[in-house]
Amino acid sequence: MKKIQMVDLKGQYNGIKDVVNHSIQEVIENTSFINGPKVHEFQKNLEQYLGVKHAIPCANGTDALQIAMMGLGLKPGDEVITADFTFAATVEVIALLQLTPVLVDVNEDDFNINIEAVKKAITPRTKAIVPVHLFGQCANMEAIMQIAKAHNLFVIEDNAQAIGASYTYKNGNKIKAGAIGHVASTSFFPSKNLGCYGDGGAIFTNDDNLAHTIRGIVNHGMYERYHHDVVGVNSRLDSIQAAVLDAKLPHLDNYNKARQNAAKKYSKAFEDYENIIVPKISNDCSEICDTSCDCHVFHQYTLKIKDIDRDALVKYLNEHNIPCGVYYPIPLHNQKAYRDERYNEDDFKVTNQLVKEVISLPMHTELDDEQIAYITSTIIKFING
Ligand SMILES: *Cc1c(COP(=O)(O)O)cnc(C)c1O
C-alpha cells in the first residue's frame, strides 16, 4: 500500500507533470514574472469556468478577502457577520480593517453559518455577511441573499474551500460557488481543491464597477501608472503560479470527482456505526442533476464522533500510519485575538460542541481503494475496541 498522506500533492503532480513543467518553463523563458500573459489567460479561463464576469487574481486567499472588503468601501466600526467555525483568516481581515467582526454559530449537520443566528446578529451597523463554504459545500446562499437584500447588506463569499462546487436554488437554478454573492474570494494554497505551488488567490464579482475598483486596489491603488487614487496593497498572483493553475484548471472537475468518490466510500463504510456521523450534503441536488452532482466537493471529509475519545482515536490512527486532522479545535470567539465581551457562550452551542467532535480524514485526489479500506477498517477496529 502507498503511504497514506493527508494530501498527496506529489501524486497529483505526477499525473500532469509534462503540462505543468512546460507551462512553468514558458514563463521562465519569456521572463514575464509579474502580470505576464499566463495570469491573463488563467483569469479568463477561470471566469469562464465559474460563470462569473470578473476574476481578479491576487497573492493569496486572505488578501482576497481583505481586498474584497476594501473594494466594498467598508469603514471602521461597520459590523461584519461571519461564522465562528472557520479558519481564522476570515475574521482576521475583518479585524485588520478595523471593522467589527460579529461571530455567529453554525449548523450542526453541515458546519455552515446558521441562518437564524445571522438574523439575530443584525443591527443597524451591520454592513456585510461573510458566509464560508466550509469543507467544500455552500452555505445556505438562497436564505443569505434574501436576508442581505432585506437589510441592504453585502454578501462576501469565502470560497477558499469550495471551488468547483455549485449551489442549487429551490427552483433548480445552479450557480457556482463564488459567483453568487456581491463579491467572493478564493485561495489557491497548495492543499486547496485548486492549488498552486506556492500562495495564490482570487476575487470574483459580477459588478463591473467593483471589479474596476478591486483591480486598482491589488496594485497599489493605481488605475493609471503612478497615479494612486486609493490606498491599495501589493497583492498579485505570480505568473509562475498562474501557469500551474492554468494547467490544473481543466482537471478541477475530475479532481473534485475523485474527492467525491473517496467521500462516498468512506461514508458507505461507516453507515452502520451510529456513533460516527458522516458529512451531510445539505444542498443535495442529486434529484435534479442527472449525471454529476457538484453540491459538495469535499475539501475536507469531516466526521463527527459521539462518545468516542477523540485524542485516543487520533493517537491510534497515527500509530497505524494514518494522518488525520482536527479542523477546527478552538472556536474563533474563544481565540485570544478575537474575544469580545459581547459574546455569550449560549450563542455558540453548536460550535462549542463541534470542536470536541470533529475529525477529518485524509482527503485528496490520489486516494485509492486499498488506502480507504485500510483507513475505514482501522477506525472501525478502534470503535469496536
Ligand atoms: C485557506 C483559507 C483562507 C485563506 O487562504 P490563504 O490563501 O491561505 O490566505 C481563507 N478562508 C478559508 C475558509 C480558508 O480555508
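Is Asp109 buried, exposed or partly exposed? Asp109 is partly exposed, at a relative accessible area of 32%; here buried means under 20%, exposed over 50%, and partly exposed in between, with a 1.4 Å probe and protein chains only.

Before I go on, friends, this is a predicted model, where local features need pLDDT of at least 70, side-chain atom pairs count only at pLDDT 80 or more, and totals for chains, interfaces and linings use all residues. Residues are numbered from 1 along each chain as its sequence is written, and side-chain values use heavy atoms, leaving out hydrogens and water.

Now, the partner of Asp109. Lys280 joins Asp109 in a salt bridge, 3.4 Å from N to O; the term asks for a side-chain nitrogen of Lys or Arg within 4 Å of a carboxyl oxygen of Asp or Glu. The two sit 171 residues apart in the chain. Lys280 is partly exposed too, at 41% relative accessibility.

By this rule there are 16 salt bridges. Another one pairs Lys53 with Asp208, with the closest N and O atoms 3.0 Å apart. That pair spans 155 residues, and Asp208 lies in helix H7, residues 208-217; helices are DSSP runs of H or I with at least four residues, and strands are runs of E with at least two, numbered from the N terminus.

Then have a look at Glu357 and Lys306, again a salt bridge, at 3.0 Å. Glu357 is buried, with a relative accessible area of 7%, whereas Lys306 is partly exposed at 23%. Finally, shared partners tie Glu79, Arg125, Asp340 and Arg342 into one network of salt bridges. Thanks, everyone!
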